[in-house]
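Q: Please take a close look at the aromatic side chains of this model and at what surrounds them. A connected account would be welcome.

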Amino acid sequence: MVIYLPIAFIKDWIYRFLKRRSQCLNNDTSPGIGSPLKYIGGQQIFEIEIQGSLNRKDSDLDLSEHQEGKPLVAKQGDDARIIRPEKEITTKEIATYGFYLAPLWFITEYLSNAALARTSVASTTVLSSTSGLFTLFIGAYLGEDSLNIPKVVAVFVSMAGVAMTTLGKTWATDESELNISSSGERSLVGDLFGLLSAVSYGFFTVLLKKFSGEEGERVDVQRLFGYIGLFTLVALWWLVWPLTALGIEPKFTIPHSAKMDEVVIANGLVGSVLSDYFWALSVVWTTPVVATLGMSLTIPLAMVADMMIHGRHYSAIYVLGSVQVFAGFVIANLSDWFSKILGL
């Protein structure tokens, strides 16, 4: 994600350059000092000021009649919050936010991959789907989201759908039998890692929304992600050595195959850089719960693509689970509307 840092600075430089250029063009095309247009405009302004001074006397006379008993200072409330401008976030503050979020991001990614290495894929998938529940409650606790019955129903419907897809069977038209390796049993440590990954994901998502603002107006998401990647690269890479010495992680080796290098680079750019950035935009522009449940849409979308491209067949329970995942996402988006209609 550190690649976003130079991209953000280049984008800001281009924006400032185009802004300065447009200002110079406007100054060149504006009327001069001796221009009749400017003289007429100045005369009109002078006449407006004279008329305003005359009207101000009448308004002073009527002030006691119309405004008597009304406070001169506006009360604090919704109007005050609307009028008050949002404080502009500096680069130092964005870097501070990135410093706070980098450990959470590293822990989430590490625990998720560690769970995949120590337990079954089905167990990891189900445990990862619980991140929607943690995101909902953490967001409600920190005041970044509202807790209502439709949102809770949406989360549980999505979780049930994910669980059903892990129980469903798939087979392809050109495969007589799927060779599924089941030599390893579920590990309690792997399940624990998967659950902790869901919790840390919930914290990261809610804090990202809190730092970015209601509509992402407080920070530049590209620059924030760039600082998260920078702090992760600089301050957390060395953890590979103690983890390897303790036997927790295998010995690190660089791939010697050119094809493997291409796969790693492509997966890093598409699976991490682009997908994580689009996910962050969904968190900023919607709500953490909607963005979290939206990630589970990869299940029904992958099912449809697999059926059309590879001719793979899915069992009824898998299809029903995919429909539930999609239904949970829709319910989460329309939760406020459901609450208003049902009076919840």
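A: The charged end of R223 sits over the ring of F9, at 4.7 Å from the ring centre; this term requires NZ of Lys or CZ of Arg within 6 Å of the ring centre and within 35 degrees of the ring normal. The model is predicted, so local features need pLDDT of at least 70 and side-chain atom pairs count only at pLDDT 80 or more, while totals for chains, interfaces and linings use all residues. Residues are numbered from 1 along each chain as its sequence is written, and side-chain values use heavy atoms, with hydrogens and water left out.

Rings of Phe, Tyr and Trp (its six-membered ring) are paired if their centres lie within 6.5 Å; planes under 30 degrees apart are stacked, over 60 edge-to-face, and the rest tilted. By this rule there are 15 aromatic pairs. In one of them, Y97 and F211 are stacked, with 4.3 Å between centres and 5° between planes. Y97 belongs to helix α4 (residues 91-118) and F211 to helix α8 (residues 188-212), so the pair ties together parts 114 residues apart in sequence. Helices here are DSSP runs (H or I, at least four residues), numbered from the N terminus. Y97 is buried, at 14% relative accessible area, and F211 is buried at 13%; buried means under 20%, exposed over 50% and partly exposed in between (1.4 Å probe, protein chains only).

W337 and F338 form an edge-to-face pair, 5.2 Å centre to centre with 65° between the planes. F338 is partly exposed, at 27% relative accessible area. Finally, W105, Y201, F204, F225 and W279 form one aromatic cluster.

Key. Helices (H or I, at least four residues) and strands (E, at least two) are DSSP runs, numbered from the N terminus.
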